[in-house]
Amino acid sequence: MEAFDALVERYRRGIYRLAFAMTQDHEVADDLSQEVFVQLFRRIRQLRSPESVGAWLRRILVNLCIKHSRRVRHVSIEDEGANPEPITTDTPFVAAEKSMVRDRVRQAILELDPRERAVVLLYYIEGLKQVEIADVLGRPVGTVWSRLSSARGKLRVRLADVIAGTRDGVEKA
Amino acid sequence: MMDCSEVQRLIPAYCRGELGDDMRCQVEEHLAGCPTCHDEVDREECLRQTLSGQAADDPPRDYWDGFNTRLRSRTRGTVGVLWGLGCLPGALIGLVGGVIISTLLFSSAFARVLDRIGFIGLLIVALCIGLALRFIYKRADRRVSASLGEDESTLKRLIRANPICRAIFPVASTIFWLGMAAYISVIAASHAEHVPIMTRIVLAILVFLGFAVSCSISTVRYIRSDGGRPRNTPISRAFILLAFAALMSLNLWQMSIDDAMDAPSKVRHRAESVYKAGNTRSAIAMLRSSIKKQPDSPRVLECYELLGKIYKDKGQPVQARAAYGEGIQAYERLLKHPHYNYTTFDRGSMAFHASELYDGLGNERKADELRRLNDRLWAEPDF
């Protein structure tokens with residue numbers, strides 16, 4: 001196995017998932033993930049601390065996603081039909097309900113500013129700490145906090161009914 | 001005691017269990033007496049649960065099969081551009097290396113070394129150089145392989161080792177092959193001395209281009225791949241074949257001309273043996289036949305010279321003078337309309353045999369003049 005392939009093999013899954021979460025478009029996520037590794041190939045000699053290669057790749061991806069969002073202002077997830085359907089074992093009714101909730105959440109995330117979207121995804125979905133997000137984005141922790149706080153406020157408003165549903169579920173449980 | 005703004009800032013970290021014991025106790029102490037902040041914790045928890053269930057779906061199962069192939073085609077394009085920018089210094093290095101190698105190989109020092117070690121010795125030295133290059137390449141390759149461990153620290157070694165592995169073989173092979181191509185084409189061109197000059201130049205250029213282009217294709221292909229061995233493509237093989245075809249045609253052409261030019265000289269030696277054996281008639285017939293067959297060879301003068309000598313020995317002065325006279329006419333005709341590309345050796349040899357012909361006619365002045373010309377040509381460096 002070649003050296004470059006080893007790096008790609010290790011990070012491609014995480015990079016693709018984040019790209020898809022950022023764009024909600026399989027084709028775009030594929031294109032951006034590929035571009036991340038092309039950038040890695042071009043600039044690998046600039047990498048001074050290999051321990052942070054994962055953060056470095058995420059930073060490249062987030063920057064590419066932000067650039068992409070500037071080109072394509074607003075995309076609704078109803079616009080694309082080519083995304084792969086997740087594999088599920090739920091009953092049709094439960095599956096439809098989950099699918100509706102998922103679409104609402106994704107649409108709400110997609111409507112955020114790309115910088116806020118990146119922070120939300122890295123924090124809530126990737127599970128990174130604020131310090132780690134600051135490292136990925138190359139911004140101070142204070143900036144990460146204010147973006148997270150702003151995004152949180154917007155999401156609470158847009159997803160008020162979904163969050164209420166979740167709260168009911170939690171209380172029932 | 002913390003105030004509400006401080007606690008609300010810490011709530012996300014609190015919900016994820018990221019706070020230290022001290023900080024967590026302080027937050028919990030505040031929450032016990034503050035319904036607003038407690039409500040904020042509930043809302044954060046709900047939001048976290050809502051969002052954390054939204055991890056992106058995996059792509060279709062066969063998606064990853066094509067991922068590396070597509071990525072490779074994109075990185076190839078990148079390397080192609082980099083190679084395009086870098087090929088000029090590479091070509092210059094190769095040309096300078098080629099000139100240095102050619103100069104060394106043509107130097108008298110190399111000739112002395114070759115005399116001492118012989119052709120087999122030269123092959124052994126070339127083999128040693130090849131093995132040394134292979135050793136360096138293999139060592140760099142092993143460093144890359146050794147770096148493919150699971151821990152992150154090996155990546156550092158990988159990044160350091162990779163450029164060495166990628167750079168050393170193309171540079172070495174470019175210098176070596178361009179040098180060899182220059183050497184082979186110059187040797188072939190100078191060896192084929194009787195082939196017309198323009199044909200020689202064209203064929204020598206084809207020899208050089210064949211090797212150089214083939215080497216470049218292999219080098220580019222090697223750089224575009226992520227390591228491994230340099231491999232030939234059908235196109236690079238076609239260029240090697242072109243180089244060998246040009247080389248062979250140059251050599252075969254030279255050999256056929258050599259055979260045609262040397263034929264009268266060989267006949268002359270055989271005829272002399274036949275004459276000494278007492279068979280004058282056969283010797284004369286052999287010489288006449290050779291003169292008729294190869295009238296354009298500069299060596300034909302040797303046949304006229306022996307013919308005149310035989311007639312003279314037989315006591316036939318008229319025929320002898322006629323033979324010498326025909327020889328001198330042939331000499332003047334050959335000088336005026338040369339059929340072959342004469343070397344200095346050819347011109348010297350012709351002058352020498354023509355002086356013998358003039359001697360036979362008793363023209364001492366002309367014979368001396370041609371002997372002096374022969375001496376002058378002998379003194380020329382490439383004689």
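Biologist: What order do the elements of chain A run in, from the N terminus on?

Modeller: Keep in mind that this is a predicted model. From the N terminus, chain A reads α-α-α-α-α-α-α-α. That is 8 helices and 0 strands.

Biologist: And chain B, how many helices and strands there?

Modeller: Chain B has 13 helices and 0 strands. Along the sequence its pattern is α-α-α-α-α-α-α-α-α-α-α-α-α.

Biologist: What share of each chain counts as buried?

Modeller: In chain A, 32% of the 173 residues count as buried. In chain B, the figure is 27% of 383 residues.

Biologist: How much of the contact set in chain A comes from residues 24 or more positions apart?

Modeller: Taking contacts with a separation of 6 or more, such pairs make up 67% in chain A. For chain B, the corresponding share is 66%.

Biologist: OK, cores. How many residues are in the largest nonpolar core?

Modeller: It has 45 residues. A:Ala19, A:Val36 and A:Leu61 have the most contacts inside it.

Biologist: Which elements give two or more residues to this core?

Modeller: From chain A, they are helix 1 (3-23), helix 2 (26-43), helix 3 (53-71), helix 4 (92-110), helix 5 (114-125), helix 6 (130-137) and helix 7 (141-158).

Biologist: Which helix gives the most?

Modeller: Helix 1 of chain A, with 11 residues.

Biologist: Back to A:Val36. What is A:Val36 in contact with, leaving aside neighbours within four places in sequence?

Modeller: A:Ile15, A:Leu57, A:Ile60, A:Leu61 and A:Leu64. There is also a second, separate core of 28 residues, which includes B:Ala271, B:Tyr275, B:Ile291 and B:Ala354.

Biologist: Which residues are buried in helix 2 of chain A?

Modeller: A:Ala29, A:Leu32, A:Ser33, A:Gln34, A:Val36, A:Phe37 and A:Leu40.

Biologist: How far does that helix reach, first C-alpha to last?

Modeller: Helix 2 of chain A has 18 residues and reaches 26 Å. That is close to the 26 Å expected at 1.5 Å a residue.

Biologist: What sits between helix 1 and helix 2 of chain A?

Modeller: A loop, and A:Gln24 lies in it. Phi of A:Gln24 is near 60°, a positive value in a residue other than glycine.

Biologist: Is A:Gln24 buried or exposed?

Modeller: A:Gln24 counts as buried, because 21 C-beta neighbours lie inside 10 Å. The cut-off for buried is 20 or more.

Biologist: Switching to packing. At what angle do helix 5 and helix 7 of chain A pack?

Modeller: About 90°, with their axes 9 Å apart. So helix 5 and helix 7 of chain A are roughly perpendicular to each other.

Biologist: Which residues meet there?

Modeller: Helix 5 of chain A brings A:Arg115, A:Glu116, A:Val119, A:Val120 and A:Tyr123. Helix 7 of chain A brings A:Val144, A:Arg147, A:Leu148, A:Ser150 and A:Ala151.

Biologist: Last stop, chain B. At what angle do helix 8 and helix 10 of chain B pack?

Modeller: Helix 8 (residues 234-276) and helix 10 (residues 300-314) of chain B pack at about 20°, with their axes 7 Å apart. So helix 8 of chain B is roughly parallel to helix 10 of chain B. Helix 8 of chain B passes helix 10 of chain B in a left-handed crossing.

Biologist: Which residues make the contact?

Modeller: On helix 8 of chain B they are B:Pro264, B:Ser265, B:Val267, B:Arg268, B:Ala271, B:Glu272 and B:Tyr275. On helix 10 of chain B they are B:Val300, B:Glu302, B:Cys303, B:Leu306 and B:Ile310.

Technical notes. Residues numbered from 1 in each chain as written. Chains lettered and ligands numbered in written order. Predicted model: local features only at pLDDT ≥ 70, side-chain atom pairs only at ≥ 80, totals over all residues. Helix = DSSP H or I, 4+ residues; strand = E, 2+ residues; numbered from the N terminus. Buried ≥ 20, exposed ≤ 12 C-beta atoms within 10 Å, placed from the backbone. Contact = placed C-beta atoms within 7 Å. Core = buried A, V, L, I, M, F, W, Y, C linked by C-beta atoms within 7 Å. Expected span 1.5 Å × (residues − 1). Axes fitted to C-alpha atoms, helices over the stretch in contact; angles between N-to-C directions. Parallel < 35°, antiparallel > 145°, perpendicular 65-115°, else oblique. Left-handed = near helix turned anticlockwise from the far one by under 90°.
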